[in-house]
Amino acid sequence: MSFAPDLIEMLARARADMRLGVPVVLSDGDRAAVVLAVETLGPQRLADALALGQADLAITEHRATTLKTAAYDGDLVRLAVPEDAALGWVQAVADPADDLRLPIKGPFRARRGGDAGLHRAGIRLAKAARLIPAVLVVPVADGAAVARANGLTLIGAAQAMTTDLSPLAPVIHAKVPLEVSEAGRLHIFRPEDGAEEHYAIEIGCPDRSKPVLARLHSACFTGDLLGSLKCDCGPQLRGALAQMGSEGEGVLLYLNQEGRGIGLANKMRAYSLQDQGFDTVEANHRLGFEDDERDFRIGAEILRKMGFARVRLLTNNPAKVERLEHCGIGVVDRVPLKVGETRFNHDYLATKASKSGHLL
């Protein structure tokens with residue numbers, strides 16, 4: 001008998017450690033490194049990390065483009081950290097908040113040659129932890145010994161890079177009468193990896209043998225709950241439910257992938273950058289993220305577990321149709337959902353149309 005955590009649990013522990021500012025150890029064959037998330041890095045741990053040896057600051061190619069630094073490793077850059085680097089310098093390179101006020105942060109010395117696998121795995125973990133995608137990486141000779149001596153989580157780089165979808169388990173469902181329909185039912189789904197739960201709101205009793213009116217709605221705290229005028233999320237949520245109520249049936253998946261998968265804190269960072277004049281895509285890139293970090297396999301898996309194989313998808317985004325079909329769900333029709341334009345979100349919607357292909 002063993003109480004030792006399995007891989008899924010170790011990855012969850014690593015994400016939690018990063019959010020707390022605790023280092024993790026990544027290994028790949030005979031190579032290993034102590035890795036710390038820059039966002040939660042403190043001065044003492046920075047000093048301790050630099051005392052171990054030469055450290056790299058790993059940032060994504062998008063962030064490197066903002067800093068005008070060549071991405072020799074393609075999707076990321078390894079910047080040599082000066083021995084006397086202060087915490088403010090490290091975090092300013094990673095976080096674009098003060099880019100306009102302090103545009104000159106270099107000169108940088110980007111590494112060329114060698115393997116960037118540990119750096120890439122560290123960035124993947126930081127993203128999974130909903131942190132700014134930048135990590136401090138310090139090679140060590142014996143990763144297992146360092147982890148053991150300091151009580152740190154030890155993860156293989158290949159394991160940290162896994163793209164497998166964590167299995168989703170239905171937890172409970174219950175009737176919830178709604179304004180749009182008294183025949184409402186809320187389903188809760190929990191991933192095994194300890195990440196956020198996801199929800200399905202079922203209206204009526206849809207026939208599983210026919211295409212169901214469906215929407216994949218990404219959580220938006222500001223729009224859905226606060227009534228923010230900067231986006232069209234709240235009106236889309238209420239409009240989708242109203243249409244399902246009118247038709248007497250449908251299913252809305254409420255997926256906890258805030259800010260297109262970057263998390264609420266990073267979405268607010270992107271909003272701050274938009275206040276500086278950048279559009280939503282540019283803001284994401286300056287932070288180091290892709291245009292869209294969501295995983296649509298989650299929605300497809302929930303639909304399958306609920307018995308749906310085909311949908312009439314409520315969306316203005318053709319890419320969402322394509323990605324859902326790629327995940328094995330048949331989309332027999334795209335149903336437009338054009339609501340919620342205001343003078344505050346006009347530019348945001350224009351960017352969605354011009355850069356993300358939304359049909360608005």
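Start with Leu237, which sits in helix α9, spanning residues 233-247 (helices are DSSP runs of H or I with at least four residues, strands are E runs of at least two, and both are numbered from the N terminus). This is a predicted model, where local features need pLDDT of at least 70 and side-chain atom pairs need 80 or more, while totals for chains, interfaces and linings use all residues. Numbering runs from 1 along each chain as its sequence is written, and side-chain values use heavy atoms, with hydrogens and water left out.

**Overall build**
- The protein chain has 15 helices and 13 strands.
- Its C-alpha atoms fill a box of roughly 65 × 60 × 30 Å along the principal axes.
- Buried residues make up 49% of the 360 residues (buried is under 20% relative accessible area, exposed over 50%, partly exposed in between, with a 1.4 Å probe and protein chains only).
- Of the contacts with a separation of 6 or more, 68% link residues 24 or more positions apart (a contact is heavy atoms within 4.5 Å).
- The chain exposes about 16,800 Å², and carbon and sulfur atoms supply 53% of that area (Shrake-Rupley, 1.4 Å probe; for residues, only the protein chains shown count as cover).

**Around Leu237**
- Leu237 counts as buried because its relative accessibility is 12%.
- Setting aside residues up to four places away in sequence, Leu237 touches His217, Asp224, Leu252 and Tyr254.
- Val339 is 102 residues from Leu237 in sequence, yet the C-alpha distance is 9.8 Å.
- Val339 belongs to the loop between β13 (330-335) and α15 (346-356), and it is partly exposed because its relative accessibility is 32%.
- Val339 makes contact with Asp232, Pro235 and Gln236, again not counting residues up to four places away.

**Nonpolar cores**
- The largest nonpolar core has 30 residues, and Leu57, Ile59, Val81, Val90 and Leu136 have the most contacts inside it (a core is a set of buried Ala, Val, Leu, Ile, Met, Phe, Trp, Tyr and Cys joined through side-chain atoms within 4.5 Å).
- Elements giving two or more residues to this core include β2 (31-37), β3 (56-60), α4 (87-94) and β5 (134-140).
- Another core, of 24 residues, lies apart from it, with Val35, Leu76, Ala116 and Val135 among them.
- Beyond four places in sequence, Val90 touches Val38, Leu41, Leu46, Leu57, Val81 and Ala85.

**A buried histidine**
- His119 is in helix α5, residues 117-128, and counts as buried because its relative accessibility is 7%.
- Leaving out neighbours within four places in sequence, His119 is in contact with Asp56, Ala58, Leu76, Arg78, Val135 and Val137.

**A nonpolar surface patch**
- Phe221, Leu225, Leu226, Leu264 and Met268 make a nonpolar surface patch of about 470 Å² (patch residues have over 30% relative accessible area and no salt bridge; nonpolar side chains, meaning Val, Leu, Ile, Met, Phe, Trp and Tyr, are joined within 5 Å, like charges within 9 Å; a salt bridge is a Lys or Arg side-chain nitrogen within 4 Å of an Asp or Glu carboxyl oxygen).
- Helices α8 (221-225) and α11 (264-275) are the elements that give two or more residues to the patch.
- Leu264, found in α11, is partly exposed at a relative accessible area of 32%.
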